[in-house]
Amino acid sequence: MTLGEKLKEARKQASLSQEQLSEKLGVSRSAVAKWETDKGLPDVDNLKVLSKLLNVSVDYLLDDGELMDELVMREPYNLSEYGKGSKFLKKDRAVRDKFPDAKIHTLLGEKKTWSYQFFE
């Protein structure tokens with residue numbers, strides 16, 4: 001079941017129209033319609049409010065139904081074994097070591113450009 005299908009079902013279970021839900025969220029009715037037809041995605045803040053208004057978890061809304069091997073995902077690792085660099089780079093290396101074909105996507109935040117200035 002897609003995010004849109006889950007939203008629509010949960011909205012109906014809560015006895016809310018798209019218009020009523022949009023008013024509670026402070027968004028347009030067309031935004032809710034786009035989310036329900038999978039033509040758009042709510043941002044993180046709206047997901048949090050939706051989960052409370054519709055009495056469902058954010059996990060439920062975002063879960064695409066694919067099973068993950070939780071034993072593998074919870075396997076302990078030692079970051080010091082993954083070379084030099086930032087904690088994030090080391091975590092990426094650990095994931096690639098365990099799952100060589102994995103695609104790593106940034107979920108939150110943005111890439112930052114770092115500049116260093118050295119003085120003699």
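Accessible areas here come from the Shrake-Rupley method with a 1.4 Å probe, and for residues only the protein chains shown count as cover. This is a predicted model, in which local features need pLDDT of at least 70, side-chain atom pairs count only at pLDDT 80 or more, and totals for chains, interfaces and linings use all residues. Residues are numbered from 1 along each chain as its sequence is written, and side-chain values use heavy atoms, with hydrogens and water left out.

**Stop 1: the whole chain**

Switch to a cartoon view. The chain has seven helices and zero strands. Along the sequence the pattern reads α-α-α-α-α-α-α. Helices (H or I, at least four residues) and strands (E, at least two) are DSSP runs, numbered from the N terminus.

How much of the chain is buried? Of its 120 residues, 22% count as buried. Buried means under 20% relative accessible area, exposed means over 50%, and partly exposed lies in between (1.4 Å probe, protein chains only).

Now think about contacts, meaning heavy atoms within 4.5 Å. Take the contacts between residues at least 6 apart in sequence: 45% of them join residues at least 24 apart.

**Stop 2: helix 1**

Select residues 3-13. This is helix 1, and its buried residues are Leu 3, Gly 4, Lys 6, Leu 7, Ala 10 and Arg 11. Why do they lie on the same side of helix 1? They cover an arc of only 160° around the axis. That arc is taken from the directions from the helix axis to the C-beta atoms. An α-helix has 3.6 residues a turn, so residues three or four places apart point the same way.

Turn to the face away from the buried side. There you find the exposed residues Lys 12 and Gln 13.

Next, show what the buried side packs against. Its partners are helix 2 (18-25), helix 3 (29-36), helix 4 (44-54) and helix 5 (58-62).

**Stop 3**

Select Arg 11, in helix 1. Is Arg 11 buried or exposed? Arg 11 is buried, with a relative accessible area of 7%. Leave aside the neighbours within four places in sequence. Arg 11 is then in contact with Leu 16, Ser 17, Gln 18, Leu 21, Glu 36 and Leu 54.

Glu 36 and Arg 11 form a salt bridge, with the closest N and O atoms 2.5 Å apart. The pair links distant parts of the chain: Glu 36 sits in helix 3, Arg 11 in helix 1, and they are 25 residues apart. A salt bridge is a side-chain nitrogen of Lys or Arg within 4 Å of a carboxyl oxygen of Asp or Glu. The structure holds one. Glu 36 is buried too, with a relative accessible area of 8%.

**Stop 4: helix 3**

Stay with helix 3. Its buried residues are Ala 31, Val 32, Ala 33, Trp 35 and Glu 36. Their cover includes helix 1, helix 2 and helix 4.

**Stop 5: the nonpolar core**

Select Leu 7, Leu 21, Trp 35, Leu 50, Leu 54 and Leu 61. Of the 13 residues in the largest nonpolar core, these touch the most other members. Helix 1, helix 2, helix 3 and helix 4 are the elements that give two or more residues to this core. A nonpolar core is a set of buried Ala, Val, Leu, Ile, Met, Phe, Trp, Tyr and Cys residues joined through side-chain atoms within 4.5 Å. In soluble globular proteins, nonpolar side chains tend to be buried together.

Zoom in on Leu 7. Beyond its neighbours within four places in sequence, Leu 7 is in contact with Trp 35, Glu 36, Leu 50, Leu 54 and Leu 61.

**Stop 6: two loop residues**

Select Ser 15, in the loop between helix 1 and helix 2. Its phi is near 60°, a positive value in a residue other than glycine. Ser 15 counts as exposed, at 60% relative accessibility.

Jump to Asp 38, in the loop between helix 3 and helix 4. Phi of Asp 38 is also positive, near 60°. At 39% relative accessibility, Asp 38 counts as partly exposed.

**Stop 7: a surface patch**

Finish with Val 95, Phe 99 and Ile 104. They make a nonpolar surface patch of about 210 Å². Patches are made of residues with over 30% relative accessible area and no salt bridge; like charges are joined within 9 Å, and nonpolar side chains (Val, Leu, Ile, Met, Phe, Trp, Tyr) within 5 Å. Val 95 lies in helix 7 (residues 87-98). At 33% relative accessibility, Val 95 counts as partly exposed.
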